[in-house]
Amino acid sequence: MRAQRTHYSRAFLCAIAVHVLALVLVVFSLPFEALYKPAASHKAVMQAVVVDRSVLEKELDRSRVAGRREQEEERQKKMVQQRREAEKERGRAVAAQKQREAEEKARVEKEKQQASAREKQIEKEKRLAEQERKREQEKKRLQEERKRVAQERQEKEKKRQETQRREQEKRRQEEQKRKQEEQQQREKEERKRQQEEQERQQEEARKAALLTELAAEEAEQQQQADAEQVNDTIARISDKLAQYFNKAGLPPGLVCRFRVRTVPSGEVVSAQVVESSGNTLFDRQCEIATQKASPLPVPPEQRLFETYFREVDIRFNPWE
Amino acid sequence: MGVAVTPIKRNTQTLAFFLALLVSAKAHAVITIEVTKGVESALPIAIVPFASDTQIAAVPVDIAQVVSTDLAGSGRFNTLPSADLPSQPRRFAEIQFDDWRRLGMENLVIGTLAPTASGDYEIEFRVVDTFKATQLAGYQIVSPPDDLRLAAHRIADRIYELLTGEPGAFATRISYVTVAKDTRAKAVYQLQLADADGYNPKTLLESADPILSPAWSPDGRKLAYVSFEGKNLTVYVQHIATGHREAVAAGPGINSAPAWSADGGRLAMTLSRDGNPEIYVLSLAGRRLQRLTDDPAIDTEPAWSPDGRLIAFTSDRGGTPQVYQVAANGGRPERITIGMGPYNARPSFSHDGRLMALVHAEGGSYRIAVLDLGSRGLRVLTDSRLDESPSFAPNGNMIIYATVGSRGTELAAVSVDGNVRQRLGASGGEVREPAWGPLRR
């Protein structure tokens, strides 16, 4: 969004820069034409007048200097000549005058023309300037117009973008809202599902707990029954062993332990000393008691026998 | 004597040990059954008659029977009567173990006997554990025919020691005094020496006057006794082997009740040389006499503790006869029998100093009792009317004493637990004051 706005403003600045450049070019190109052109034409008119007068004066000087003796003869001749000449001269003068006048007239005319031209030129220039100004104005106007248009366009674009942005925002928000709603819905559903699941699990757990409790109760009862039977059996085995355990004459304080293996009939099949008393006679009496007490009163129930009495330790400690 | 016991090689049955190794590991802990009680009963033992492999002339002594009687008399063994023997194996391989197990006979003795070229007998015997089917021990003895009883006692000693852990005292001797009437109805007193079971009596001294209080020297070579020869009570010390004797106390008045110190260097006696019967200690080497008691009452019957530090004696200084003890090097006597009735006399220490045998009167009857010196518990061992002169066997297991029986006064022995009492010997007439000799080396 920010990048986009930066892009727009760059384009806008470029547009302004182009217009400014164009305006500068216009302003600078106009004065060169306006200033130099009229000065050149005015100089050319003045030079034409000077050349004509010097030629005339030079001609007069040369006539006066031409020799005195011949002057009269010459003067007569000349006078005639001069007269002819003068006549001619006069003719020429008149012609010259006429020419001069014509020239003057031409000159004036020319000047007039020139002035007129200048006028016209000025007019033209004025017109041109005016035109230029107008053009400039027009250009400026156009520029402004363009600028305005551009601005308007920009504004519009901006507005459009804004609108678009708003719309997008709106759409986004709507989308978000929609998504949120969807999410909420989903979450709600999920919660509901979870709750249901939880309830289901709780129910199951409750049922399982109930079953476990029942089973535990049963197991406990079983275990208690087992424990009673096991303890009872242990007591009976201990009693039977005590009947056969002959401690006569043995030094006090001795203890030994046997690992005894039996078969379901209670018959002792092996008796291994696992903890000797250190006194071979004592150990031997313990082993003999184990053998003589065979068969041991093991429980008839196979399960109890296998679990507890297939292998037992017998600890002889008759000095407590 | 020429009867030596030597070990013979061990015999054993091969056992299937691998079966025991197949024990599988169980999930639960193995239950432990505590046995906190037991019985105190005699050890079952069967002694099979020792026979020869070949046909031989009748053997003068039934060795198995002597061994059996010895062991049974100790109170520690319950012997199987020969009539009840299920079989009579002579060798290990012949034993049917189940037969003996069924009878509860965990101990079985088998043996062979064979005459040697020199006229002796060679005896081999084995002690067998019938439940384990193993031989516990085996020995060989060579014995002259005249010593077969001694050989049997030695066998009994071996078995006793093997199965009880204590030395046997069967191959020991006793001394006692007999009183007989001669053809003119005059009393004849004899100092006798016999096997511990009363067999093979031998007369050491014969006298028309009373002979009293024989006492063994610790080395078993001498006897001290009191003789009333010449109408004077004199204490003699006599060498058993040579018969040579020496009066060690012959002062005026009473010279009586000799008792040897454990080192054999001193004799404690009752002398009245200073007017009243008192306890004295005589140093045999220097003939130095030390008086231990000084009381107007009668002090007599001294006995040494095995460690030689104490002398116990009987005194009526408290009004009735009771047992006192005093330090052997002098001191203040201290009464031992307190609250044990009106009459306790004739003390005698066991070999380990833990027990004291004495004569204890109860309701007019005089009985043999044992006082536990540690717990001060008194146990009466006999139940006759008149028992006297208790003397411990050197292993402390039995007490010999004189008792009044149907035929007069005779010798008897009781196990210290009081369980077994037996009459000794077959002599008629009157038998008095037995003394049990030391272990034979």
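The notes that follow cover confidence, the contact between the chains, and selected parts of chain B.

This is a predicted model. The predictor gives the complex an ipTM of 0.80 and a pTM of 0.68. Chain B has 441 residues, of which 46% count as buried, and its secondary structure comes to 4 helices and 31 strands.

**Confidence in chain B**

- The pLDDT of chain B averages 90, and 94% of its residues score at least 70.
- Residues 12–27 of chain B have a pLDDT below 50. Beyond near neighbours in sequence, this stretch has 10 contacts in the model.

**Contact between chains A and B**

- Chain A gives 29 residues to the contact, and chain B gives 24 residues.
- On the side of chain A that touches chain B, the elements giving two or more residues are α2 (70–244), β2 (268–275), α3 (280–292), α4 (302–309) and β3 (311–316) of chain A.
- The residues on that side of chain A are 13 nonpolar, 9 polar and 7 charged.
- Strand pairing also crosses from one chain to the other: β3(A) and strand β2 (residues 31–35) of chain B run parallel and are joined by 5 bridges.
- Within this pairing, A:Phe316 has B:Val35 of β2(B) as its bridge partner.

**Helix α2 of chain B**

- Helix α2 (residues 63–73) of chain B is largely enclosed by the rest of the structure, because 9 of its 11 residues are buried.
- The buried residues in α2(B) are B:Ile63, B:Ala64, B:Val66, B:Val67, B:Ser68, B:Asp70, B:Leu71, B:Ala72 and B:Gly73.
- Just after α2(B) comes B:Gly75, which takes a positive phi of about 80°.

**Sheet β19 to β22 of chain B**

- In chain B, 4 strands form an open sheet with antiparallel pairing, in the order β19-β20-β21-β22.
- The edges are β19 (299–304) and β22 (334–335) of chain B; each has a single partner strand, so one side of each is left without a neighbour in the sheet.
- The partner of β19(B) is reached through 4 bridges to strand β20 (residues 310–315) of chain B, and the two run antiparallel.
- B:Trp304 stands opposite B:Ile311, which belongs to β20(B).

**Sheet β23 to β26 of chain B**

- Another open sheet of 4 strands in chain B has the order β23-β24-β25-β26, and its pairing is antiparallel.
- Its edge strands, β23 (344–349) and β26 (378–380) of chain B, each pair on one side only.
- From one strand to the next, the twist averages 30°.
- Strand β25 (residues 365–372) of chain B is joined to β26(B) by 3 bridges, and these strands run antiparallel.
- In this pairing, B:Leu371 has B:Leu378 of β26(B) as its bridge partner.

**Links across the sequence of chain B**

- Of the contacts in chain B between residues at least 6 apart in sequence, 46% join residues at least 24 apart.
- B:Asp417 lies in the loop between β29 (408–415) and β30 (421–423) of chain B.
- B:Asp417 has 18 C-beta neighbours inside 10 Å and therefore counts as partly exposed.
- B:Met398 is 19 residues from B:Asp417 along the chain, and their C-alpha atoms are separated by 8.5 Å.

Technical notes:
Residues are numbered from 1 along each chain as its sequence is written. Chains are lettered from A and ligands numbered from 1 in the order in which they are written. This is a predicted model: local features need pLDDT of at least 70, side-chain atom pairs count only at pLDDT 80 or more; totals for chains, interfaces and linings use all residues. Two residues are in contact if their C-beta atoms, placed from the backbone, lie within 7 Å. Ala, Val, Leu, Ile, Met, Phe, Trp, Tyr, Cys and Pro count as nonpolar, Asp, Glu, Lys and Arg as charged, and the others, Gly among them, as polar. Two strands pair if DSSP finds at least two bridges between them. A residue is buried if 20 or more other C-beta atoms lie within 10 Å of its own, exposed if 12 or fewer, and partly exposed in between; C-beta atoms are placed from the backbone. Axes are lines fitted to C-alpha atoms, for helices over the stretch in contact, and angles run from 0 to 180 degrees between N-to-C directions. pLDDT is the predictor's confidence in each residue, from 0 to 100.
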